[in-house]
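I opened this entry to record what I looked up around the ligand and in one of the sheets.

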Amino acid sequence: MTAALLFARRGFATALVAPQVNLQDARTTALLEASVRLLRSLDLWDALEPRSAPLAHMRLIDDTGRLIRAPEVTFDAAELGLEAFGYNILNRDLNAVLMAAVEAESGLTWLQDTAASVRPGADRVDLSLASGTAVAARLVVGADGRESLVREAAGIATRRWTYPQKALVLNLDHSRPHSTISTEFHTPTGPFTLVPLPGCMSSLVCVVEPETADRLAALDDAALARELERRAHSILGAFTIAGTRQLYPLSGLVATSVASARCALVGEAAHVFPPIGAQGLNLGLRDVADLVETVDRARRRGEDIGGAAVLARYEATRRSDIASRTAAVDLLNRSLLSGFLPVQALRSVGLYLAGRIGPLRRLLMREGITPRAARLAPPVWRAAG
Ligand SMILES: Cc1cc2nc3c(=O)[nH]c(=O)nc-3n(C[C@H](O)[C@H](O)[C@H](O)COP(=O)(O)OP(=O)(O)OC[C@H]3O[C@@H](n4cnc5c(N)ncnc54)[C@H](O)[C@@H]3O)c2cc1C
């Protein structure tokens with residue numbers, strides 16, 4: 001929806017092929033700086049901000065119980081001159097605001113359907129939709145998730161991997177205020193992360209071994225709340241489970257290329273990694289911003305917007321951001337699982353130094369919310385709104 005809105009606002013004849021929007025998704029997304037800027041440029045932030053909770057502080061607690069433990073570190077957004085590192089919002093609220101914008105956008109045709117086949121040709125791509133409708137386009141944006149049909153049609157291969165972990169995901173009411181602090185306990189089986197939501201609520205991503213996740217998910221609400229409060233060392237007081245719980249086996253995927261045969265991939269069609277560090281959708285929105293920018297420049301130069309040269313430029317823009325985010329999330333997760341003492345020592349020393357050395361701490365905070373490359377890129381998409 002974000003890609004479709006941006007292309008339409010830039011005056012491209014745009015069709016969005018997507019089924020009904022998911023207005024039940026109880027997961028949350030922590031939108032980081034560049035994503036907020038992008039949504040602001042679409043004039044959507046005023047509607048989103050009141051439904052989100054600012055994340056002004058980030059606390060990391062080593063709960064591994066191991067011989068070598070990292071000291072507790074708290075990062076403050078104010079140290080970077082920011083009100084917050086990001087804003088946590090329910091996916092269903094984000095989707096509702098985006099859907100309303102899509103419906104109101106005059107230059108955008110929303111075909112509420114799914115693509116059944118995608119056939120790239122020399123000068124256009126032909127799509128057949130499930131209803132039988134035919135659509136042709138000079139450029140197709142594959143924003144169709146981890147099992148992307150567009151990726152397959154463009155002949156792009158993937159590398160996939162799994163982790164010996166599952167994430168239990170749910171929202172909680174708690175008796176003590178979160179004070180805009182996001183807290184991440186590092187446990188030997190993965191992170192246990194509480195992220196503020198508006199009011200006295202937080203979202204929880206609890207990464208554990210698959211058997212433990214299944215056992216927790218089978219508990220009744222009261223027993224589960226007690227067990228999670230114990231794991232959170234009661235820092236937010238008593239828990240009450242709010243709504244449904246979901247289980248996600250942890251896995252990763254990276255496409256060997258983000259563009260080929262008049263098709264450009266964004267989001268999980270191009271990269272999937274575990275829900276650690278609030279990176280997935282934020283990286284996907286940076287794909288979208290870079291793609292729109294690259295294609296718009298090509299049009300101004302009179303180039304074929306789906307041509308090989310334009311796709312190669314998009315590929316070059318995205319390569320290092322995707323590779324570095326995928327590697328960082330993988331490294332963080334594996335460093336927790338590692339029983340290897342030197343790895344544990346390295347992680348602990350890294351956090352110790354981050355806590356003590358201001359410039360290093362600020363560098364880590366900056367890179368965590370937006371990579372240097374994205375900060376240096378010309379912010380032309382701001383003009384889109
Ligand atoms: C528990 C959890 C917590 C997370 N928290 C965060 C966070 O805090 N911050 C963050 O940045 N990221 C987070 N993520 C990651 C984030 O949710 C994903 O990166 C994001 O949802 C991917 O979006 P996407 O649009 O690329 O793919 P998807 O959400 O998978 O959407 C793909 C869409 O394509 C449609 N589609 C598929 N096939 C077709 C077809 N043939 N024709 C038409 N449409 C089709 C589907 O219906 C779907 O709507 C989290 C993930 C999880 C699991």
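Which polar backbone atom lies 2.9 Å from a nitrogen atom of the ligand? I looked this up in what is a predicted model, and found that the backbone atom in question belongs to Ala115.

I then went through the oxygen atoms of the ligand: one is 2.9 Å from a polar backbone atom of Ala30, and for the side chain of Asn282 I noted an N or O atom at 2.8 Å from a ligand oxygen. Taken alone, the ligand exposes 1,000 Å², of which the protein buries 71%. The elements that contribute two or more residues to the shell are β2 and α8 (280-300).

For the shell as a whole I counted 21 residues around the ligand, with Ala30, Ala115, Glu268, Leu281 and Asn282 as the closest. By class, I have 10 nonpolar, 8 polar and 3 charged residues in this shell.

Next I followed β2 into its sheet, which is open, has 3 strands in the order β2-β6-β3, and pairs them in antiparallel fashion. I noted that β2 (28-32) and β3 (53-55) each have a single partner strand and stand at the edges, so one side of each lacks a neighbour in the sheet. Neighbouring strands here are turned by 30° against each other on average, direction ignored.

Between β3 and β6 (residues 86-90) I found 3 bridges, and Leu55 has Gly86 as its bridge partner in β6.

Last, I checked the helices that lie across β2 and β6: α2 (residues 33-41) runs at about 90° to β2, while α4 (residues 91-104) runs at about 90° to β6.

Conventions:
Residues numbered from 1 in each chain as written. Predicted model: local features only at pLDDT ≥ 70, side-chain atom pairs only at ≥ 80, totals over all residues. Heavy atoms only, no water. Pairing = 2+ DSSP bridges. Helix = DSSP H or I, 4+ residues; strand = E, 2+ residues; numbered from the N terminus. Axes fitted to C-alpha atoms, helices over the stretch in contact; angles between N-to-C directions. Contact = heavy atoms within 4.5 Å. Near = heavy atom within 4 Å. Polar contact = N/O pair within 3.5 Å; in protein donor to acceptor, adjacent residues only side chain to side chain. Areas by Shrake-Rupley, 256 points an atom, 1.4 Å probe, with all protein chains shown as cover. Nonpolar A, V, L, I, M, F, W, Y, C, P; charged D, E, K, R; others polar.
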